[in-house]
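User: Please take a close look at one position in the model shown here. I would then like that position set in the context of the whole chain, with the criteria for each term stated.

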Amino acid sequence: MKRTAEKTLSIISIVLMVIGLLMSFGFKSFLTYMNTDPLVQEEIELALLSDPTFTPADVDMILSIFTFMSGIMWVVIIGLLLALVLTIVGIVSIWNSANPKLAGIMFIIAGLLAGFLSLPSILLYIAGILCFTRKPQKHDDVQFGEEQYDGTMRPL
């Protein structure tokens, strides 16, 4: 069985995951730059303190949120990397027609790691479900070949 739909959906999800990984690395580096450069922190503090509704405690809380988000980005990056590896394993499993059930399991786990409702995860869910629901085509075994009979008498 060719399984073109599963291959196509998984390749598209790999491309989208790579784009997401690049954006995650960029956002992580931006957050790291914001957290480590004192001039940037000073500018953010001045901009926030110029608003009369913000107190210094609020500004400290906002800066600590940036630090927390920098740590969370590592979890996102590791999850996307694991999802990428599992998707590649699933594609190899489908390409060799070795075990479509294994590929379906890999696609669904990779979809969970890529994010519950992101576009790559939805594509991987669809590919995983297709791996489980498509049955291989059955070939009818012909008991009697046409060359054995001359066409006048056929068995019942």
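Analyst: S70 is buried, with a relative accessible area of 7%; buried stands for under 20%, exposed for over 50% and partly exposed for what lies in between (1.4 Å probe, protein chains only). The structure is a predicted model, in which local features need pLDDT of at least 70, side-chain atom pairs count only at pLDDT 80 or more, and totals for chains, interfaces and linings use all residues. Residues are numbered from 1 along each chain as its sequence is written, and side-chain values rest on heavy atoms, without hydrogens and water.

S70 belongs to helix 3, where helices (H or I, at least four residues) and strands (E, at least two) are DSSP runs numbered from the N terminus. With neighbours within four places in sequence set aside, S70 is in contact (heavy atoms within 4.5 Å) with K28, L31, T32 and N35.

L21 lies in helix 1 and counts as buried at 7% relative accessibility. Beyond neighbours within four places in sequence, L21 contacts I77, L80, L81 and L84. The C-alpha atoms of L21 and V76 are 8.6 Å apart, although 55 residues separate them along the chain.

The nonpolar interior can be described next. A nonpolar core is a set of buried Ala, Val, Leu, Ile, Met, Phe, Trp, Tyr and Cys residues joined through side-chain atoms within 4.5 Å. The largest such core has 20 residues, and M17 and F107 have the most contacts inside it. Helix 1, helix 3 (56-95), helix 4 (100-114) and helix 5 (119-133) each give two or more residues to this core, with helix 3 supplying the largest share, 7 residues. Residues touched by M17, not counting those up to four places away in sequence, are L80, A83, L84, T87, A114, P120 and L124. Another core lies apart, with 7 residues that include V40, I44, I62 and L63. In soluble globular proteins, nonpolar side chains tend to be buried together.

A search of the whole structure finds 1 salt bridge, that is, a side-chain nitrogen of Lys or Arg within 4 Å of a carboxyl oxygen of Asp or Glu. The side chains of R3 and E6 form a salt bridge, with an N to O distance of 3.0 Å. Both ends are enclosed: E6 is buried at 0% relative accessible area, and R3 is buried at 7%. Side chains of opposite charge can pair when their charged atoms come close.

Of the 156 residues, 31% count as buried. Among contacts between residues at least 6 apart in sequence, 67% join residues at least 24 apart. The protein exposes about 10,500 Å², and carbon and sulfur atoms supply 71% of that area, computed by the Shrake-Rupley method with a 1.4 Å probe.
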